[in-house]
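Good morning, everyone. Let's look at this structure together and take it step by step.

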Number of protein chains: 2
Amino acid sequence: MSLDRLFHAESVAIVGASRQPTKRGYQAILTLQQEQFRGAIYPVNPKEKQILGLPCYPTVSAIPGPVDLALITTPAATIKGILEDCGQKGVAGAVIIAGGFGELGSEGRRIEDQVTATARRQDIRVIGPNTSGMINPHRRLNLVGLKDMRPGDIALLSQSGNMALTLITEARLKSRKGFSCYVGVGNEADIRFDEYLSYFLEDPATRAILMYVEGLRDGRRFLQTAYHATTQKPVILLKSGRSATGKRSAGSHTGALAGMSEVALGAFERAGIVVIENSDELFPAAETLSSLPPVRNNKVAILADGGGHATIAADFLTDLGLELPRLSDKTQEALRNLLPAAASVPNPVDVAGGTDADPSLFADCARIILNDPQVGGLLLVGLFGGYGIRFAEELALKEEDAAHQMGKLVQKRNKPIVVHSLYSSEKPHALDLLRYYGITVYDSLEIACKCVSVLARYGKTRKSYRPKFNFVMDWGRKAIAEGRAIIDKARGENRTALLEHEGKKLFQLHGARVSRDILARTADEAVAAAALVDRPVALKIVSPDILHKTDAGGVKIDLDDARAIRAAYADIMQNAQAYAPQADIRGILVSPMAAPGTELIIGTKYDDQFGPIIMFGLGGIMVEVLKDVAFRVLPISLLSAGRMIEEIKSYPLLTGTRNTPPRDKRAIKRLLMTCSEVMEAYPDILEIDLNPVIAYEKGLQVVDVRIILKDDTAALR
Amino acid sequence: MSLDRLFHAESVAIVGASRQPTKRGYQAILTLQQEQFRGAIYPVNPKEKQILGLPCYPTVSAIPGPVDLALITTPAATIKGILEDCGQKGVAGAVIIAGGFGELGSEGRRIEDQVTATARRQDIRVIGPNTSGMINPHRRLNLVGLKDMRPGDIALLSQSGNMALTLITEARLKSRKGFSCYVGVGNEADIRFDEYLSYFLEDPATRAILMYVEGLRDGRRFLQTAYHATTQKPVILLKSGRSATGKRSAGSHTGALAGMSEVALGAFERAGIVVIENSDELFPAAETLSSLPPVRNNKVAILADGGGHATIAADFLTDLGLELPRLSDKTQEALRNLLPAAASVPNPVDVAGGTDADPSLFADCARIILNDPQVGGLLLVGLFGGYGIRFAEELALKEEDAAHQMGKLVQKRNKPIVVHSLYSSEKPHALDLLRYYGITVYDSLEIACKCVSVLARYGKTRKSYRPKFNFVMDWGRKAIAEGRAIIDKARGENRTALLEHEGKKLFQLHGARVSRDILARTADEAVAAAALVDRPVALKIVSPDILHKTDAGGVKIDLDDARAIRAAYADIMQNAQAYAPQADIRGILVSPMAAPGTELIIGTKYDDQFGPIIMFGLGGIMVEVLKDVAFRVLPISLLSAGRMIEEIKSYPLLTGTRNTPPRDKRAIKRLLMTCSEVMEAYPDILEIDLNPVIAYEKGLQVVDVRIILKDDTAALR
């Protein structure tokens, strides 16, 4: 069912309506009346006859007309009964304000699940619980009580009422923008972030979606939805709860699965979401992305009067990954013709006082700069808007002229201009005019730079979208019958791990190059096996009861002749018996020793919020001591695999050093893809550990494979 | 001479005075008149009789009364003559506005040097050139033309007029604070940053010093001055020009030695300077540090109404290195008695609506929290200041009561409170009251957090000051006669490098453990030498003409018997002859091979702005491929040496891993100190390269020492 009847409700029941002005059940009605909500308002309270001039009903089902939405202001314990009453009436949705659910821990979670089940039975969609409410300012449907939320085109989803209040206040005081909707997402008991995202993606009143997230109930579905959504509308997200204390605070606050890791941030970015780390930048990023065309080529110019701001802006934009190309000779010449001799024109462009007598020159400079085909956007920094304040009043009129010109220039060239003005808080008319044209203006240089960078980031997102890829695990489609049989065999034996040779076989079936191992059941067989493979060899114990082979003394390496192999065989058997007397020993694996190369570690595991993820790093100290690893949510594309390899700090060791040749990056990428494919093909698999993999100048070798199966497939899938 | 007569000038000559309103020489006089400067104003222009009602003089020396300060508004070419005229008159100082000096390159630098020389001869101190001027608002001495600079206690030193304008505007619009002085530092031709720093350190009107720096002419002296200054007054610095484009912009702007490295930032912090990277945070940091007591124990609490702001603040404070201790049971109980059941009290403290009816409760909470001895400061986040706006007008009065209480609480407890309020830009009276008491208020949560962190940073600075240490290179005081002789011998032979055994001897003289090497002049001597040291040995060519011994085939290692030593000796000699037929070969060094351990690299070199610096890293890929190194300006203390070791990413390799024992950190620290001492003892030394040094569980061994001498000692010292 679409959420349309919730967000465009024409009739609202206020359950828990009250005559006491301090109660939410009173304030909610008063707000709807004050904001002149045009639909029907039905107070519900068995003890009252009339509230604020409206007839009061004992139950929702007693209301005569249809009811689209119920705002429930009563405590947690009453909710179930009220939802059943709403169900009778055919109410489409409920906003549940009360806390006392999942945010209080497992007991609260149980009550929350009951409420969700009741709502599903009654076919009622629920916003919350533990929410500040919902506002659709275009419909004057204000179920929060926040005043002065200006209607506009930004959808706001927040797990913090305070953050919503902050953003709404900021919009009102510092911009011309407003909101298409505000939803206090609360505990996500029924409607989750991904479904809101889908809804606002389709909502014609919404141009950008702004989210404050403390934790996600279903991270993977959220990513899938976002990956499509972000190509059409920018999605901006602030994730908090990173630090231990922050997590404690977020946990007690929303009861969310708080504490997303680096994995989450990486995944959000892959899904095209603009991730913001600084709450000051959150509204400006949304304002800019909903108002201006993106920077399509990551290249921008800076226009300034004086050096200080230009220098700081150049530093920041560079830090943010933007390029500041040297302007073409033609562009520089045109600027030089316009500006005094002291001006600097390569980029940053410093007018050096050339605009003091006529600030409309800024528009002429902007036109010349944006005409340069290599410039994708412009940042104007410094004093614009203040010439009328600092020098002479009539200069304000010239600034207004410039604002009109620049506004039309943005539309004509379809390239953005962002403005930093230190006079922003004095509110000169020229800056208001810029905003009218969608040009965003900030008194913070850093925020202005950040806004340019999100325009560039979004330009990249739109270019790099590939419709086939979307975080979907197409469980089973890539499975191979023989692989399936290996897992079924292990399941049949009640094992939750594959044996080394089984794991290797599985990877081999999917095209990975693994060592050619032979399972021996006697010392004689081991000697015979060694004759069939390259020497020297390693012997490794094979037992479902011995997962950590080295700890059990179950591995002997570098064995070159029959005598050494026999001795090693005997040793391993003795050690294994001592380590686990009851162990079911299936034999000993004879493996050719891998030639020396660069050791890699590749692993997969399950993340609470995002499901299967993959890890990559270099063996030895790089992973173990320096924790130099890259993570991705699975599945990954060949492109992501390449980026994972490049983003570890020790990547230069793979490109070749004085003492080592470059390693086969293509082979490593392919192995990462194989891992992704194996995870996707067999939903029974919980974790894969390829450690070590040895990479060579050409090719690589998987030396050990450990695969753990889920205890209960259904629960974890 | 003190700069007092400049900053407290009672008479000012305006050289280049003009009757044209667009000219600086007109505006300067007008500004002084409008601001009611109480001293004498003397226009100087040979072509005018009277300007703005004041008699005009043909030259400075023609002025009848004494002249403290000359503001020179004429072009570069005229400056020298004017300074000579000023000298005749006994003028104490000149502010030189004109550009056209060092910022234009070497020719400009030459002209600048001439001007400086003239000023010195005439005993005139110069601010600039290439400056926007100077303002002492307490004296109404405004030589810039910036209006509305409020008098106060922050001294502002800037290399960008725009940045100064930004900060002054910000102070006026967003705070109650003002400035004790503004100096446009310009090209530092005469008075440099360090001298201004010394002056404002002594200036009773100044409580904090705020600097925007693009480059320093004398970095080391600046550090020396700052190290003492920061214990008495906070010094806040924004350094820009980090990126390539930023450097280009800064370079063309001030002609400074732009592009300070990580070395600079580290050195500033060691000198106790509060380094700010984000220009938005610059004024708030200065405002807070000049208004509030520092956080003395790095531990703070957060007080909030609602979860979102508390979560974000907890994240940020943690990222910034602050601790958020769990409040004591007693404190928590006291808070629980005051607040509703839903409140969270461990820290962050969330009043959970408990202040809705009476926001003066915030003051009660603040009192309880600051009474907790483990809490060093408090951050109040969220809605304070807005209760009167959001709910009921009379709540504003309760907020005002709370503001008075909190203001007095800060004074009584001598612990800071910083406030984030999303109503800051609505300017409620309660927030103005807080500012009256010195409690700073920001509408940005991140800036409020940053301000708490600089208070903690400054608390640490005041604790860790050690008067003996101050970046002074006490050249020669630690020299040893025998060491001096080694260098003199090399100088006598016109060498700019010490031979390996000379370098080792020098380090040994200063207590370092170097390998016990013997210089052999024949193969027989080499065999005999090997008998005296531990085997195996290495042989290394000794020649002032062969600096890169390995490249020349001049090194043979792991030699165990006489035959191998003879063969190696012959090989090396042959290789050396082939490599450099004319080489002066002094013999071959016989060194015992060092036992395996962890390889280190230690080096020193000269930085353009800061003089001698030291580098530390781990040998092999860590330095060469991963560039994992730490730098410090010399000399270093044992504490700094320890921090250098800890700050490299590969530090865990020194604390012991699964395969290696911990390494002797104390020995490494001592060797870093020895390096520092050797650099300081012998000013002839340009660079030292200890590569490799092998560190063991106990002790270490310096395997190779390369010491380069300066070409011209005097020039570089």
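First, a definition: two residues are in contact if their C-beta atoms, placed from the backbone, lie within 7 Å. Keep in mind that this is a predicted model.

Which residues does B:A9 touch, leaving aside its neighbours within four places in sequence? They are B:G39, B:D68, B:L69 and B:L141. Take B:L69. B:A9 and B:L69 are 60 residues apart in sequence. In space, their C-alpha atoms are 6.1 Å apart. Where is B:A9 in the chain? In a loop of chain B, between α1 (4-7) and β1 (11-15). Buried or exposed? B:A9 counts as buried because 26 other C-beta atoms lie within 10 Å, and the cut-off is 20 or more.

Now the contact between the chains. Chain A gives 53 residues, and chain B gives 53 residues. On the chain A side, several helices supply at least two residues each, among them α5 (161-174) and α17 (445-464). The largest share comes from α11(A), with 10 residues. By class, that side has 17 nonpolar, 27 polar and 9 charged residues.

Next, the domains of chain A. The assignment gives domain 1 (1-133), domain 2 (148-291), domain 3 (293-464), domain 4 (516-593) and domain 5 (598-716). The C-alpha centres of domain 1 and domain 5 of chain A lie 50 Å apart.

Last, confidence. Chain A averages a pLDDT of 91, and 96% of its residues score at least 70. Over residues 251-260 of chain A, though, the pLDDT is below 50. The model as a whole scores ipTM 0.82 and pTM 0.87.

Terms used:
Residues are numbered from 1 along each chain as its sequence is written. Chains are lettered from A and ligands numbered from 1 in the order in which they are written. This is a predicted model: local features need pLDDT of at least 70, side-chain atom pairs count only at pLDDT 80 or more; totals for chains, interfaces and linings use all residues. Domain bounds come from an automatic or database domain assignment. pLDDT is the predictor's confidence in each residue, from 0 to 100. Helices (H or I, at least four residues) and strands (E, at least two) are DSSP runs, numbered from the N terminus. Ala, Val, Leu, Ile, Met, Phe, Trp, Tyr, Cys and Pro count as nonpolar, Asp, Glu, Lys and Arg as charged, and the others, Gly among them, as polar. A residue is buried if 20 or more other C-beta atoms lie within 10 Å of its own, exposed if 12 or fewer, and partly exposed in between; C-beta atoms are placed from the backbone.
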